[in-house]
Each structure stands twice: as C-alpha cells, then as structure tokens.
Amino acid sequence: MTQEEVFKALVAHCKEYGFIFPSSEIYDGLAAVYDYGQLGVELKNNIKNYWWNAMTRLNENIVGIDSCVFIHPKTWVASGHVAAFNDPLIDNKDSKKRYRADVLIEDYLSKIEEKIEKEVEKGRKRFGDGFDEAKFRATNPNVLREKARYDEIHARYVKAEAENDLAGYKQIILDCDISCPVSGTKNWTDVRQFNLMFSTQINNTGNADDKIYLRPETAQGIFVEYLNVQKTGRMKIPFGIAQIGKAFRNEIVARQFIFRMREFEQMEMEFFVKPGTEMEWFAKWKENRMKWHVNIGMGAENYRFHDHEKLAHYANAATDIEFRFPFGFKELEGIHSRTDYDLGNHAKLSGKKIKYFDTETGESYTPYCVETSVGVDRMVLAVLSNSYKVEQLENGESRVVLSIPAPLAPVKAAVLPLVKKDGLPELAQKVVDELRYDFNFQYDEKDSIGKRYRRQDAIGTPFCITVDHDSLVDGTVTVRERDTMAQERVKIEDLRALIDKKVNINNLLRNL
Ligand code: ATP
C-alpha cells in the first residue's frame, strides 16, 4: 500500500471503530470539523492527562487555568491577530479550489528535497560501503542542480514572506509552473490576504461594536489572566500557566483529516521569565518538550526540530517539533519566545499596569514569555498513524492492530469468558468488578475468542483476559498481550498489578 492508501485506510478505520467521525454526517458533514467517538475521546483524554500532569505536577512553578473561548475583542487587537493573523490565499479559476500560496510553494520545495534525497539513496546503493555522502552531495551534478534550484526558490520565498509580498508569491508559483492538483491548470487568481478568525455577535443588536471573536489560540486567555494568577497564586518569576482548550481558525485549506481543522484543541503553556533570560528558557523548553514526545515511545527518529525562518509578529525565536505523519514531516508543536509583546500590548491597550515586582532585586519589569503549544488533535493523529498496522501472521491470516503506547490506549483490557455458559460469564464478571475502579475495560462474550482478540487488536487494547474452565478450578486466567500475542496464565488477584505496570500514565511521567 502507498502512504496515501494507508492514510485512507486509517481514516476509514477511525470511523469504523468509533474513534473519529466526520461532524454531522447525516447532513453530509461539515468541512474540516470532526467529532470524537467513544474510543477517540478516551485516547484524547489520556493524551491530555499526560500533558497536564507533566506540566502541572512535575513543575511546582506551573499552574493550570481554564479560560473562556470568548474574550474581550480588544484582546485580539492587542495581540495583533486582528491586523496580522492572515494567510495568503490563491484560487484556481478552473477548479474553483482555494489554496494557501505559501503551502503550494513549500510543497514544491519539499518535492525538490525529496528528489535530492532519492539521488543520494541511489548513490548509496551504487557505491556501497565506500559511500562518502558529504562528497556525493558536494559533487554530484544532479544533486547540485536541484540544490541550486531549491536555494534560489527558497530565497525568493523567504523574501516574499518577510516583505508580505503577495505578488512575489504569485510570481514564484508561476515561475515554478505549479499547477492545481485538481484541474491540472495554472490559471491562478492573484494572491490575497485572508484573516483566519471566526467572528460572531455578542448582544444581537447588530451593532458593529458587538463583534466578538472565537479565540484562534488559547494563549491570550492566559495573558489576560496573568495578573490574577500571579497575585492569587503568589507566583514568583520564573513561572508558567498551562491551559487546554478549544481554538477556532477559518483555515483556507482544511484537508488531511484532523491535522488541520476549523475547530480544534490546543495544550498551551506560557512560561514567564525575566527579560534577558528568555533564550536560555527557550532552549530548556525545546529540550523538555522533545523529551516529553519521545518518551511516549513512538521512535525518536520520527521527530525533528524545524527552526522558523520567518518569525510571527510576536516572536524573537521559534521552532517547531515536527512529526513524521503519513504525508511527511509536519508541525506537531510550536515553541515560541514571545518576548513581552503580549503583556506589553495588553498593558497599553487596557491602561492597566501589568508588571512584575521582584522583591529580591527591587526591580519592576514586564515579564518575557516562552510558549509551548501543541495540538491535541495532531497528537491523536500522530499516535493513530504511528500505531496503525496491517500484519501478516504465520498462519497466513492478517490482522489490523493499533499498537498504541499502552498508557495512552483507550481501553486497557478486555475481559472475555471463553464460552457463554458453565459459570464462566459469572466469574468474568467478578474479574470485571476487580478491575473497574482502576482501568477502562471492555467485557465481550460474543463470537469466537479469535474474533474477539481481533476486535481488541483493532482498537489497540494492550491486554485480553480470557476466563476458561481452568479458571473455575485454579483461579487463574489467560492474559494475551497485544503486540507479541504471547499468552501467560495469571492469578486473578495478580491481574491489577500486571496491567497497571504497563498502562499507568504515572510510569510515563516518572521517566521524564
Ligand atoms: P500550521 O503552520 O500547521 O498552520 P501554526 O504554526 O499556525 O500551524 P500554531 O499557531 O503554532 O500553529 O499553533 C500551535 C499548535 O496548534 C500547532 O503546532 C498544531 O499542533 C495546532 N494547530 C494549529 N492549527 C491547527 C488546526 N487548524 N487544526 C489542528 N491543530 C492545529
């Protein structure tokens, strides 16, 4: 299967097993809006717990809040979102499809990069052990030609971005012969700016002053509560405020399933520091956040940093943590050094004094801020796409398995009476009663045991517990492990500890 086919199969799987549904599907759905089903919500909650606890329990100087989606509209003037939260859009006149001009160019650049990597791989195969990659990259004419082309387009792209040169974007698209993937033509409109914020009316009077925005990031809710939290929590700099919540963006191109949605969830932490120390903290948080991701156990090679060339209007340093999604390395988390931009502007526009008084030095200053911001839905997609596998078994059959890291798995264990008689369901019920307070589990007595194992594999359940006739005699059950399919006999009273060792999120936290 190609990566594209695997991705399609994953989307279908998510729907079939109750992870993720297109929103309001009975009315043909709503573009780029998805609902989480019974298993999706459990996975999502586990991810949120891992993040929340890593932030607020492992750091004594980080506290959490829960602010509203609606905030005073001046917030978005102060934050710069009203003026500058734009994406450059372009339409293809034949297909009537809309694209982000910057994304079209970035995709084109990625294709050149892929070509270079393919050349290098060819060289590696040709020269075998004696392959000198650095020399090959510096001398091979095909690599050099593609690299020169990449550098030229890239330099123009960075300049167009920095100068907000919309005509410049269009010229690159024309010069690179980029065509619409749907119509195949190059019949493009001019590039225009498009503000991504959704708005609505708060008082229903139709007065323009009543316009209010749905927050495009949760961060501003933290900035407007900075003073309250700092004072009531008697927080001393450096300290952080964490928040998980919904954000809304009217994305121009909303494809790739839950990767880019119009309503999504963010886990953001704003860390307030003394001016001049922000780069040190930026480096610390980069390391800290990468550790959090790799600790989940989906392979360090699937993550990388991508430093920003163009900085957002509020930042003096920025990097992304990218993950290897089925459609390539893409942003999973953003880490920004936001300076005093936000607090400074809120102070100006509100007329309130938003300063920190350092009792030790007697100084008073506007704190600088380092932000870590990760999308909950992108985390869900990372976990699901990394764990979806179609395996060929020795007996010639195949199985679909979600090898979700056990602490994040939606269902931790399934309790399965071998047959629906002879007192086995009753004993299975006792096992269930033993486990229900600690774990999310499923009880299943329908179909053959093989079919029931497959159903649990398909939703990523780490353990299947089978109650059979021997269980009635010796009080043991068979525990089957999802990934290895290995089976062992375990005493019913030992089950809780055995499962807990593998699935408890605290074990993940302890490794951080
Ligand atoms: P992108 O470049 O992919 O549009 P961004 O740089 O605009 O993302 P940030 O503003 O840094 O994203 O937001 C922080 C995080 O929020 C992102 O790393 C991502 O995980 C998540 N996120 C942003 N936009 C969306 C979206 N439309 N759907 C789902 N998650 C999103």
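Both phenylalanine 259 and phenylalanine 325 are buried, buried meaning under 20% relative accessible area with a 1.4 Å probe and protein chains only. The model is predicted, so that local features need pLDDT of at least 70 and side-chain atom pairs pLDDT 80 or more, while totals for chains, interfaces and linings use all residues. Residues are numbered from 1 along each chain as its sequence is written, and side-chain values use heavy atoms, without hydrogens and water.

The structure holds 22 aromatic pairs; rings of Phe, Tyr and Trp (its six-membered ring) pair if their centres lie within 6.5 Å, with planes under 30 degrees apart counted as stacked, over 60 as edge-to-face and the rest as tilted. Tyrosine 99 and tryptophan 188 form an edge-to-face pair, 5.7 Å centre to centre with 85 degrees between the planes. This pair links distant parts of the chain, 89 residues apart: tyrosine 99 belongs to strand β5 (residues 98–100), and tryptophan 188 to the loop between α8 (166–175) and β6 (192–195). Helices (H or I, at least four residues) and strands (E, at least two) are DSSP runs numbered from the N terminus. Both tyrosine 99 and tryptophan 188 are buried.

Phenylalanine 259 and phenylalanine 325 are likewise paired edge-to-face, at 5.3 Å centre to centre and 80 degrees between the planes. Here too distant parts of the chain are linked, 66 residues apart, with phenylalanine 259 in the loop between β9 (239–248) and β10 (263–273) and phenylalanine 325 in strand β12 (residues 317–325). Both belong to one aromatic cluster, whose members include Phe7, Tyr34 and Tyr303. Arginine 378 lies over the face of phenylalanine 259, at 3.7 Å from the ring centre; the criterion is NZ of Lys or CZ of Arg within 6 Å of the ring centre and within 35 degrees of the ring normal.

The ligand may be considered next. An oxygen atom of the ligand is 3.0 Å from an N or O atom in the side chain of arginine 249. Methionine 261 places a backbone N or O atom 2.8 Å from a ligand nitrogen atom, and glutamate 331 a polar side-chain atom 2.6 Å from a ligand oxygen atom. Taken alone the ligand exposes 590 Å², of which the protein buries 87%, areas being calculated by the Shrake-Rupley method with a 1.4 Å probe. Strand β13 contributes the largest share, 5 residues.

Notes
Buried means under 20% relative accessible area, exposed over 50%, partly exposed in between (1.4 Å probe, protein chains only). A polar contact is a pair of N or O atoms within 3.5 Å; within protein, one must be able to donate a hydrogen and the other to accept it, and residues adjacent in sequence count only if both atoms are side-chain atoms.
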